[in-house]
Amino acid sequence: TMWENIKTYSEIIFERTGKIAKITMNRPEKLNAFTPTTIQEMIDAFTICRDDSSIGVVILTGAGEKAFSSGGDQSVRGNGGYVGPDKIARLNVLDLQHLIRIIPKPVIAMVKGWSVGGGNILQLVCDLTLAADNAKFGQTGPKVGSFDAGYGSGYLARVIGHKRAKEVWFLNHFYSAKEAYEMNWINKVVPLEDLEKVTLEWCEEILQKSPTAIRFIKAAMNADTDGLAGLQQLGGDATMLFYTTDEGKEGRDAFNEKRKPDFDQFPKFP
Ligand code: 1HA
């Protein structure tokens, strides 16, 4: 596969092949632990993916074969969060989790090796997860003095069930790819050497489908989980479609032309 660089960053790699974008956390010497800079760069890259209508699906992965991500970089953990060049302690991975949820395109996690802590929650919030047979999943928060009481808990419980989610958080065991698959935590396990090939096949299959249909399915499933914030996203998608209709445009045009709108000309479907 020919990957073409989209934008150059310091802690991630951002590339594309055709309509598929790939964001790679690139700190392999620390098992792709993230800093505020890593997260800020991912937010920027995902925003580009969101705005670029020639991109249809996004892959999130980690550099090397040893890790997807080992979570927040504990060596830059300060008082109240993780500290970047601006010296401000942040938990900006939460903003990234939200962005992955609302970007109206499928985001696929491609996991090799360790998927741990806040790194594993990034995998969790992706729409689909494909894992190599060397992948290992787990939460370490209570061991290192942290916890994710947001998606990392509530959404994890929806995905793998409450009993299993509490087990994951209370015991901090690591689970093999096969175990994670059996827990419905991930979608598929493939041999390490086939991981990117199979991931690209899944992307290509998705790209054959109606992007609007996929967009609404993602928004609808997230609405069920995300409450009013999820409904806002689904509602916004409906507004976006309505703005493309003649009925929607009649309201705008009538206002701008200072006349009464004529909505009677439009059908009222049952
Ligand atoms: O919980 C949250 C949040 C919650 C709410 C809101 C925001 C949050 C943001 C983040 C997080 C978290 O992510 S907390 C959880 C943080 N992560 C961890 O506790 C995992 C730490 N790493 C490990 O336990 C192990 O490295 C490992 C089980 C994943 C792998 O072990 P292994 O194969 O023995 O590798 P190891 O030798 O430990 O790691 C290779 C190098 O990478 C080591 O550096 P070296 O000794 O060669 O200098 C290791 O220190 C470094 N490294 C690995 N993970 C991290 C790390 N350095 C900093 N931070 C790490 N997370």
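**Figure 1. The annotated binding site.** UniProt, in an unreviewed entry, assigns the feature "binding site" to Q139, T140 and G141; such positions are given in the numbering used here, feature names are shortened, and annotations may be inferred rather than shown by experiment. The model is predicted: local features need pLDDT of at least 70 and side-chain atom pairs count only at pLDDT 80 or more, while totals for chains, interfaces and linings use all residues. Residues are numbered from 1 along each chain as its sequence is written.

Figure 2. Q139 lies in the loop between β11 (136-138) and α4. Helices (H or I, at least four residues) and strands (E, at least two) are DSSP runs, numbered from the N terminus. Q139 is buried, because 28 other C-beta atoms lie within 10 Å. A residue is called buried if 20 or more other C-beta atoms lie within 10 Å of its own, exposed if 12 or fewer, and partly exposed in between, with C-beta atoms placed from the backbone. When neighbours within four places in sequence are left aside, Q139 is in contact with G117, N120, V168, W169 and N172; contact requires that the C-beta atoms of two residues, placed from the backbone, lie within 7 Å.

**Figure 3. Close-up of T140.** The loop between β11 and α4 also holds T140. T140 has 19 C-beta neighbours inside 10 Å and therefore counts as partly exposed. Residues up to four places away in sequence not being counted, T140 touches V116, G117 and N172.

**Figure 4. The shell around the ligand.** There are 21 residues around the ligand, of which S70, G71, G72, G117 and G118 come nearest. The elements giving two or more residues to this shell are α2 (93-102), β9 (114-116) and α4 (141-144). A residue is near a molecule or strand if its C-beta atom, placed from the backbone, lies within 6 Å of it. The shell comprises eight nonpolar, ten polar and three charged residues. Here Ala, Val, Leu, Ile, Met, Phe, Trp, Tyr, Cys and Pro count as nonpolar, Asp, Glu, Lys and Arg as charged, and the others, Gly among them, as polar.

**Figure 5. Strand β8 and its partners.** Five of the five residues of strand β8 (residues 107-111) are buried, so the strand is largely enclosed by the rest of the structure. V107, A109 and V111 point one way from β8, whereas I108 and M110 point the other way. Strand β4 (residues 57-62) pairs with β8 in the parallel sense over four bridges, and strand β10 (residues 128-132) likewise pairs with β8 in the parallel sense over four bridges. Pairing requires that DSSP finds at least two bridges between two strands. I108 is the bridge partner of I59 and stands opposite L128 in β10.
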